[in-house]
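Dear colleague,

I am passing on the structure we spoke of, and below it you will find some notes on what turned up when I went through it. Please read them with the structure open beside you.

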Amino acid sequence: MTETSQGPLWARSGIGLTGFGLYYPEQVIANDAFVEEDDNPIDASVLGTISVRTRHRSSAKETIPFMAAEAGRHAVKDAGLQPNDLDLVILASWTAPPFIPEHAPEAAELLGCPRTLAFDVSGACAGFVHAVQIAASHLTCLPGTRHALVVCSEQFSRRARPGSKGELLCGDAAGAVVLSRRGDPGGLLDSVLRSDGSRASVVAAPGPRGWIRSQKDLPEHATSSMVEVCSELLARNGLTIDDVDWVVPHPGTDVVHRRVRAALGVPDHKFVVNFETRGNTSSASIPIVLAEETGSGRFRQGDLVLSPAVGSGWYYGALLYRVF
């Protein structure tokens with residue numbers, strides 16, 4: 001039996017996305033002095049036009065666990081819960097990995113639920129999709145799990161080579177979502193996540209400094225991967241792109257944005273990123289947009305959202321869900 005014939009994974013699970021939160025570091029950096037000439041052929045093909053005007057950089061105090069706890073605190077409050085109501089905390093991050101201990105238990109302690117099960121996942125820029133799938137599995141399979149916090153906290157500015165054009169795109173942030181077993185279907189509907197080790201070198205951050213580098217054909221891989229998973233989810237749920245209210249992708253570069261919009265036929269007003277004001281915040285990119293747009297009232301209850309993402313590894317996946 002193919003995965004498509006099995007139908008949606010979570011449509012009858014009763015899992016809702018019930019709370020959203022974010023944290024931006026205090027320091028805002030303006031990209032007001034840079035050269036637009038495409039003197040580097042790889043930069044030109046991968047990055048395109050630098051449309052990022054501002055981005056955030058975290059301080060020594062604003063660690064991965066600190067930012068995660070702040071974003072999580074807002075999401076828990078938005079869900080009408082207290083930290084000790086949480087049964088699970090999953091923290092997605094790759095940009096400042098520790099050996100031990102993991103970030104998640106410290107973030108849970110800072111949040112106020114020190115004995116809640118908490119652990120880290122990666123998946124690079126696809127970490128939000130990865131973490132939501134794991135949280136949904138726990139909520140579905142473990143009877144005592146009612147509320148899970150998925151939080152993505154990244155210091156992407158640390159992974160860009162200082163003085164490079166790529167540095168102008170990379171920002172720091174944390175975004176969080178609470179998933180709860182509500183009983184009524186219609187929140188989290190479906191998801192897909194895959195890996196392809198043959199493309200592991202398309203994006204890499206090799207030692208010793210861990211500065212990120214991309215191959216020239218990154219946009220082709222990113223676009224084809226996003227289109228593949230979006231098309232699969234739409235087909236599996238009997239939908240077309242016209243049925244979707246908002247497409248909230250992980251934003252990579254302007255080149256990828258343009259190609260994905262064109263390939264999927266997404267109208268500009270439905271394609272929602274905060275790339276211009278926040279930059280590429282890796283796994284935090286999707287949940288910070290959700291927090292911003294639900295908080296502003298632009299995203300309304302019942303809106304159908306499609307969120308694709310790709311990440312070094314090579315990981316690619318997407319989520320289909322309704323806003324609660």
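I begin with the salt bridge between E70 and R73, whose closest N and O atoms are 3.4 Å apart; please bear in mind throughout that this is a predicted model. Both residues belong to helix 2 (residues 64-78), where E70 and R73 are three residues apart, or about one turn of the helix. R73 has a relative accessible area of 35%, and because that value falls between the limits of 20% and 50%, R73 counts as partly exposed.

A second salt bridge joins the side chains of D87 and R146, at 3.4 Å from N to O. This pair links distant parts of the chain, 59 residues apart, since D87 sits in the loop between helix 2 and strand 4 (88-92), while R146 sits in the loop between helix 4 (127-141) and strand 6 (147-155). D87 is partly exposed, with a relative accessible area of 23%, and R146 is also partly exposed, at 40%.

A further salt bridge is formed by D184 and R182, with 3.5 Å between the closest N and O atoms. Here D184 is partly exposed at a relative accessible area of 33%, and R182 is partly exposed at 40%. Elsewhere, salt bridges with shared partners connect D190, R194, E228, E232 and R236 into one network. The count for the model comes to 13 salt bridges.

Finally, which strand pairs with strand 1, and in which sense? Strand 1 pairs with strand 7 (residues 172-181) in the antiparallel sense, over eight bridges, and within this pairing G21 stands opposite A176 of strand 7. Strand 1 (residues 15-23) has eight of its nine residues buried, so it is largely enclosed by the rest of the structure.

With best wishes

How values were computed
Residues numbered from 1 in each chain as written. Predicted model: local features only at pLDDT ≥ 70, side-chain atom pairs only at ≥ 80, totals over all residues. Heavy atoms only, no water. Salt bridge = Lys/Arg side-chain N within 4 Å of Asp/Glu carboxyl O. Helix = DSSP H or I, 4+ residues; strand = E, 2+ residues; numbered from the N terminus. Buried < 20%, exposed > 50% of the residue type's maximum accessible area, 1.4 Å probe, protein only. Pairing = 2+ DSSP bridges.
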